[in-house]
Amino acid sequence: MSSPFKDARGRPLAAVTGLGVVTSLGRGKDENWRKLTSGCSGIRPITRFPTDGLRTTIAGTVDCIELSVQTSATRTMEMAGVAAAEALDEAGLPEADFPGPLFLATPPAEIEWPQRRRIYEAALGSADKGYRRLVAAARAGDFQDIADESQFASAAIYLANRFGTKGLPVSVSTACASGATAIQLGVEAIRRGETTAALCIGTDSSVQLEALVRFSLLSALSTRNDAPQAASRPFSRGRDGFVMAEGAGALVLEDLEAAVGRGAPILAIVRGCGEMADDYHRTRSKPDGSAIIGAIRRAIEDACIAPDDIDYVNAHGTSTPENDKMEYLSLSAVLGDHLQKTPVTSNKSMIGHTLSAAGAIEAVFSVLTIQHGVIPPTINCDDPDPEIPMDVVPGTARAARVRNVLSNSFGFGGQNACLVIGAYDGVK
Amino acid sequence: MKNSREVWITGIGILSCAGEGIVAHAPSNQKNFTQTDTTRFSPYCVHPLCTVDFAKQIVKTSEQKQMGLWQRTGVYAAGLALADAGLTDQPALLERTNLVVAAGNGERDCSFDSKVLGAGTCGAAAPAQLNEALLTGLRPTLYLGELSNLLAGNISIVHHATGSSRTFKGEEISGVSAIENAHRRISSGQSDLFLVGGALNAEREDLLLGYELGRTLWAHPYKSVWSRKADGGGFIPGSVGAFLVLEAREHAQARGRKPYARVCDVATDRCRRQPGEATRTLQNLFDKLGVPEGALAVMSGASGAEPATSEELEFLQGLEDRNYRVAIRAHGAWLGHSVEAHFPAGVCLAALALASGQFFEPSDEKSVEAPFEAGEVPHVLVTGVGHWRGEGLALLARV
């Protein structure tokens, strides 16, 4: 007889028992869900640094986190902390003694221009130039604060210490698929029986000058600066690029049996994870979509369900001309005729593209969609792309009974990760 | 499902100051290790990469141009490992090959940064000038192409290994986690075939700046890692690409491959590095590995940074009181400290020692490193202690 705590392949089920989220829409699940289902946009003009002369001057910045030093690194850590604290509270777990490992999706840790200038100017009067002067100044001065933030392990170590997670924290990057990969690592650790709980977080605060310029130079960003809230237009004819955004999403995953045993709230089950790497190009996916198709197909297979069992797709939906078209083609290839009956929406139409955090934030929203029985809309799709004939739930949220969500994440560099998140029906 | 299957090392790809490939890194070639460059970044010493003809692994010049040197180093090492394991041009195997890559930050355009700093255009009073400088001076593809996960991306593009792809970050921790993750996925039966490793280009000033902000570099003439404490310690970075093919025993045998060694287990943790804490953490991890008593060869990843190096040494020397006779070697003294690639590099060297039956010779001036006198090497303990955070141990055995 099969166990109610295991999947069809006999693996322990990974339950979601706590959620936390911070985005440009606000802090916490309640505010985010209210705004997301009302079709609100969090995209606004950037005020954090001067945008003189830049082609793109808008982003989904998180301005509700107070910090003494505003750098990408400090925001990245703090947002993750806020999201994780909310998730632990919901799961009913202590805030400083988490009974399992941390899997964290983070952006690059970098020294930004104001810090670089601070180091350079510390050696005032030096005859040295360039990096020689910077390195000498670093040795002579006290820049421990910058050092502590610019290590790649910094965010994970900070969070591991704060929440008392066990073992070596894992920081992962699969670019824009990172958040989904962090969840996948947690699910796998539970399935292998290494732990009964995992804290999975995606966090990203890349809205800083040089990162904005880099994406801008690749012509990847929307330049609809005059109408920020209408700039992220996934699946629409007039989409012209993604909008950079910040945020963090946190999920407490637990072995279902252990979670039920301690009376934890079971919000959903992460039923399947699929990934496939592309070998075609650094920024573009294979023209035949085979890597994306492979990732979607593997996630559905891993969930031990059929494509027809997917009843909502939380799309990657970045609002770039190429992504949205490829995502449609790939979904058609896997879901076939079933796609016509399946709502597909992009949270990014409202919160922008939260990069390393996107997979985790959108997983949080996928669980909320199941819990509330409401599908958040895709906004700004009043002029749909005729080549993407999908039900994108335009403009207004829709009530729906959602059993299985497919959440897609496709990364720059060809790394694709998809999740299938399912409703929980109780122990039968 | 835990630890039910054996994990074999069936391919090694390594390049460093000692040269490229398995012969250059075998115990028989030890006299050629420890190449240093003491002038280019004086007062810092680095272990420079050997001369490499990258076209041997990355045929298209256009591909090479899209990669920074750390990526070329890693892609090259990955290609060596795949070839060594008989996976090159085997599409049916490559599409099932899972990548687990340890990576740090990409390389910056130091001359551009220097120009901006020198022109004073990054002053707070002149924001428009900085914006203009970045818009006109940053090479569009350079930095995005330098994202951490693009080493793995380039390996997929050049070598067509596409089973799955995960990039771990976090300095030394990332290399430890990469080996641990692959080991767990194989031993639990989740997957059969992995390409695991990392790469570091030590010969760049932006990297030196990153580590010197925490004053973790050795800024004196070369000394072995065990001899730096009196001057405050510090690591000497080394340019290294180190990749391993890890494979389930059954899978390797079915395709007729012989192993270099078996990865028995990997144990990891993190502590807050209060005094003595790293030593205790390593002792606890060691107890989990079930290491047979007697002569024990140790391939230490000690970096030379303090207090981590002294704490690790205290743990290793403490094993003498527990019926172990330890023969310690530190590969950081030979090839340099390669941060993300350091633990994979240690595993590569340990596997080469096990395959040859011979351990490396002692090479430090403080006599920390005793000769290995027990004949053929049955086991090697590989240590990975982060210069700042993270502790890991792996036990390898002769097959």
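Start with B:Val380 in chain B. Its bridge partner in strand β13 is B:Leu396. This is a predicted model, so keep that in mind throughout. Look at the turn.

Find B:Arg262 on your screen. Its bridge partner in β13(B) is B:Ala397.

Take the two faces in turn. B:Glu391, B:Leu393, B:Leu395 and B:Ala397 point one way. B:Gly392, B:Ala394 and B:Leu396 point the other way. Residues on both faces are buried.

Next, a single residue. Which strand holds B:Leu244? Strand β8 of chain B, residues 240-248. B:Leu244 is buried, because its relative accessible area is 0% and buried means under 20%. What does B:Leu244 touch? Leave out residues up to four places away in sequence, and the list includes B:Ile9, B:Ile12, B:Ala81, B:Phe194 and B:Val347.

How many residues of α8(B) are buried? 15 of the 16, so the helix is largely enclosed by the rest of the structure. Just after α8(B), B:Gly189 takes a positive phi of about 90 degrees.

Helix α2 of chain A, residues 72-91, has 20 residues. From first C-alpha to last, α2(A) reaches 28 Å, close to the 28 Å expected. Of its 20 residues, 17 are buried, so α2(A) is largely enclosed by the rest of the structure. Just after α2(A) comes A:Gly92, with a positive phi of about 70 degrees.

Stay in chain A for a helix pair. Two packed helices are described by the angle between their axes and the distance between the axes. Here the helices are α7, residues 178-191, and α13, residues 358-372. Their axes come within 4 Å and cross at roughly 70 degrees. That makes α7(A) roughly perpendicular to α13(A), because angles of 65 to 115 degrees count that way. Which residues meet? From α7(A), they are A:Gly179, A:Ala180 and A:Ile183. From α13(A), they are A:Gly359, A:Ala360 and A:Ala363. By class, this contact has four nonpolar, two polar and no charged residues.

Most residues other than glycine have a negative phi, and most peptide bonds are trans. Here are some exceptions.

Two cis bonds to begin. A cis peptide bond joins B:Ser42 and B:Pro43, with omega about 10 degrees. B:Pro43 is in the loop between β3 and β4. Those strands, residues 37-41 and 44-46, pair in the antiparallel sense over two bridges. They form a hairpin with two residues between them. In β4(B), B:Val46 is the bridge partner of B:Asp37. Another cis peptide bond joins B:Glu306 and B:Pro307, with omega about 5 degrees. B:Pro307 is found in the loop between β10 and α12.

B:His160 has a phi near 65 degrees. Where is B:His160? In the loop between α7 and β6 of chain B. B:His160 is partly exposed, with a relative accessible area of 40%. B:Arg215 has a phi near 50 degrees, also positive. B:Arg215 lies in the loop between α9 and β8 of chain B. At 43% relative accessibility, B:Arg215 counts as partly exposed.

Definitions and conventions. Residues numbered from 1 in each chain as written. Chains lettered and ligands numbered in written order. Predicted model: local features only at pLDDT ≥ 70, side-chain atom pairs only at ≥ 80, totals over all residues. Heavy atoms only, no water. Expected span 1.5 Å × (residues − 1). Buried < 20%, exposed > 50% of the residue type's maximum accessible area, 1.4 Å probe, protein only. Axes fitted to C-alpha atoms, helices over the stretch in contact; angles between N-to-C directions. Parallel < 35°, antiparallel > 145°, perpendicular 65-115°, else oblique. Contact = heavy atoms within 4.5 Å. Nonpolar A, V, L, I, M, F, W, Y, C, P; charged D, E, K, R; others polar. Pairing = 2+ DSSP bridges.
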